[in-house]
Each structure stands twice: as structure tokens, then as C-alpha cells.
Amino acid sequence: MSKRKILAALKKKNIPVERVKYMRGEPTPSGYANGWDIEITEDTENRLFDAGFSDCAQLNEIGTTDEVIDWISLMPTLAI
């Protein structure tokens, strides 16, 4: 359900996505972590940056579904 919610929010903003995956127990320097991996193409990253949104990379790691939705809400809607 959460993945569908994230994909729907990205679709409303015309933001293509390569991968949306919830990662469980991923090793990090401070221990194991859970969270969302949102992967976009370099072209999409550049288009977002050109539209004034610089808080992204090709691979974005975000903790909770609510944080992902908040992050997407800050993004500009891209032209098709």
C-alpha cells in the first residue's frame, strides 16, 4: 500500500522513477536501518535541479513513508 501511495504521488508530479523499494535491515555505519530507496535517472535529477529542486540524487534513501510523501510534496511538477 505504501509503495502505491509513493508511486501515485510521483505520478501526480510527472516524475518518472526507476525503482521504489523498502529496504529492511540494511547495514549502515551506525547499525542496521530500514527505509525507502527511491531511484531516479540522471536526466530526471537534472530536470528537478533545473526546476529549482536540489534535495535529491539518483538514489535517495528516506526513512518512512510519511517522510517520502513530504519530500515529494516539495518537488515541482515536471512538464511531460
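Does Thr 44 count as buried or exposed, and at what relative accessibility? In this predicted model, Thr 44 counts as buried because its relative accessibility is 2%, and buried means under 20%. The residue belongs to helix α2, which covers residues 42–50. Leaving aside residues up to four places away in sequence, Thr 44 touches Ile 15, Pro 16 and Leu 78.

The chain contains three helices and three strands. Followed along the sequence, these elements come in the pattern α-β-β-α-β-α. The radius of gyration is 13 Å, close to the 12 Å that the globule rule gives for 80 residues, so the chain is as compact as a globular protein of that length. The C-alpha trace spans about 40 × 25 × 20 Å along its principal axes.

Among contacts in the chain with a separation of 6 or more, 47% are between residues 24 or more positions apart. Of the 80 residues, 30% count as buried. The chain exposes about 5400 Å², and carbon and sulfur atoms supply 50% of that area. As for charge, there are 10 positive and 13 negative side chains. The centres of these two sets lie 11 Å apart.

Not counting residues up to four places away in sequence, Trp 71 touches Ile 38, Phe 53, Asp 55, Cys 56, Asn 60 and Ile 62.

Strand β2 also holds Asp 37. With residues up to four places away in sequence left out, Asp 37 touches Arg 19, Val 20, Lys 21, Met 23, Leu 59, Asn 60 and Glu 61.

Two loop residues complete the tour. Asn 14 is located in the loop between α1 and β1 (19–28). Its phi is near 55 degrees, a positive value in a residue other than glycine. At 30% relative accessibility, Asn 14 counts as partly exposed. Thr 64 lies in the loop between β3 (59–62) and α3. With a relative accessible area of 39%, Thr 64 is partly exposed. Both values fall in the class between under 20%, which is buried, and over 50%, which is exposed. Thr 64 and Leu 48 are 16 residues apart along the chain, and their C-alpha atoms are separated by 22 Å.

Note on methods
Residues are numbered from 1 along each chain as its sequence is written. This is a predicted model: local features need pLDDT of at least 70, side-chain atom pairs count only at pLDDT 80 or more; totals for chains, interfaces and linings use all residues. Side-chain values use heavy atoms; hydrogens and water are left out. Helices (H or I, at least four residues) and strands (E, at least two) are DSSP runs, numbered from the N terminus. The radius of gyration is taken over C-alpha atoms; the globule rule is 2.2 Å times the number of residues to the power 0.38. Buried means under 20% relative accessible area, exposed over 50%, partly exposed in between (1.4 Å probe, protein chains only). Contact means heavy atoms within 4.5 Å. Accessible areas come from the Shrake-Rupley method with a 1.4 Å probe; for residues, only the protein chains shown count as cover. Lys and Arg count as positive and Asp and Glu as negative; His and the chain ends are not counted. The place of a charge is taken as NZ of Lys, CZ of Arg, CG of Asp or CD of Glu.
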